[in-house]
Amino acid sequence: KKHKKNTKKSKMLIKGINNEFKQINGEKISKKMSEEEIFETLFKQDNIKQIKVERIVSNGNVTPEEEWYDQEQAEWVLIIKGEAKLKVKTKENKEEIIKLETGDAYYIEQHEKHQVIETTTPCIWLAIHIFFQ
């Protein structure tokens, strides 16, 4: 399906990305941890709103139970470090739990309702937002 389990290729990618993210703005990640999520845009072209690459650091953060994300854009997420659980609503309006571990990726389609129901401290995501016209 859309959920991709660990592979040698993704583990190599994770190792390289982890090396890149060991420091944020000159400070070690561990010094930046707090209860709030950190969102850092890594790539975005201001004149073309088609792709945005973002690093998200979650620290046990979850979506409030009554709220659902329903995004205009599609989003591909990769867990760089840690674990997360998503709850998604299928096209049949059934709820499905997706467990993601280090190296796992998941593609969230446009308007696919979803919640983050669990994250480790820290949980580092690479998110690629894909805007369609």
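Me: Which residue is the bridge partner of E75 in β10?
Reply: In β10, E75 has H129 as its bridge partner, and the two strands concerned, β5 and β10, run antiparallel and are joined by 7 bridges. Strands here are DSSP runs of E with at least two residues, helices are runs of H or I with at least four residues, and both are numbered from the N terminus; two strands count as paired if DSSP finds at least two bridges between them.

Me: What kind of model is this, and how are residues numbered?
Reply: This is a predicted model, in which local features need pLDDT of at least 70 and side-chain atom pairs count only at pLDDT 80 or more, while totals for chains, interfaces and linings use all residues. Residues are numbered from 1 along each chain as its sequence is written, and side-chain values use heavy atoms, with hydrogens and water left out.

Me: How many helices and strands are there in the chain?
Reply: The chain has 2 helices and 10 strands, and from the N terminus on they follow the order α-β-β-α-β-β-β-β-β-β-β-β.

Me: Back to β10, is it mostly covered or mostly open?
Reply: β10 is mostly covered, with 6 of its 8 residues buried, where buried means under 20% relative accessible area, exposed means over 50%, and partly exposed lies in between, using a 1.4 Å probe and protein chains only. In the chain of 133 residues, 36% are buried.

Me: Which residues touch the most other members of the largest nonpolar core?
Reply: That core has 14 residues, and those touching the most other members are V77, I79, L86, I98, L100, Y106 and W125. At least two core residues come from each of β5 (74-81), β6 (83-89), β7 (95-101), β8 (105-108) and β10 (123-130). A second, separate core has 8 residues, including V53, V57, I80 and L126. A nonpolar core here is a set of buried Ala, Val, Leu, Ile, Met, Phe, Trp, Tyr and Cys residues joined through side-chain atoms within 4.5 Å.

Me: What is the strand order in the open sheet of 3 strands?
Reply: The order is β7-β6-β9, with antiparallel pairing, and β7 and β9 (114-119) are the edge strands, each pairing on one side only. β6 and β9 pair over 5 bridges, and V88 stands opposite H114 in β9.

Me: And Q115, is it buried or exposed?
Reply: Q115 sits in strand β9 and is buried, at a relative accessible area of 2%. A polar atom of its side chain lies 2.7 Å from the backbone oxygen of E67. Leaving aside residues up to four places away in sequence, Q115 touches T63, P64, E65, E66, E67, W68, Y69, K85, L86 and K87, a contact meaning heavy atoms within 4.5 Å.

Me: Where is the cis peptide bond?
Reply: The cis peptide bond joins T121 and P122, with omega about -10°, and P122 lies in the loop between β9 and β10.

Me: What is phi for N93 and for H111?
Reply: N93 has a positive phi near 65° without being a glycine; this residue lies in the loop between β6 and β7 and counts as exposed at 55% relative accessibility. H111, also not a glycine, has a positive phi of about 60°; H111 is in the loop between β8 and β9 and is partly exposed at 41%.

Methods
Polar contact = N/O pair within 3.5 Å; in protein donor to acceptor, adjacent residues only side chain to side chain.
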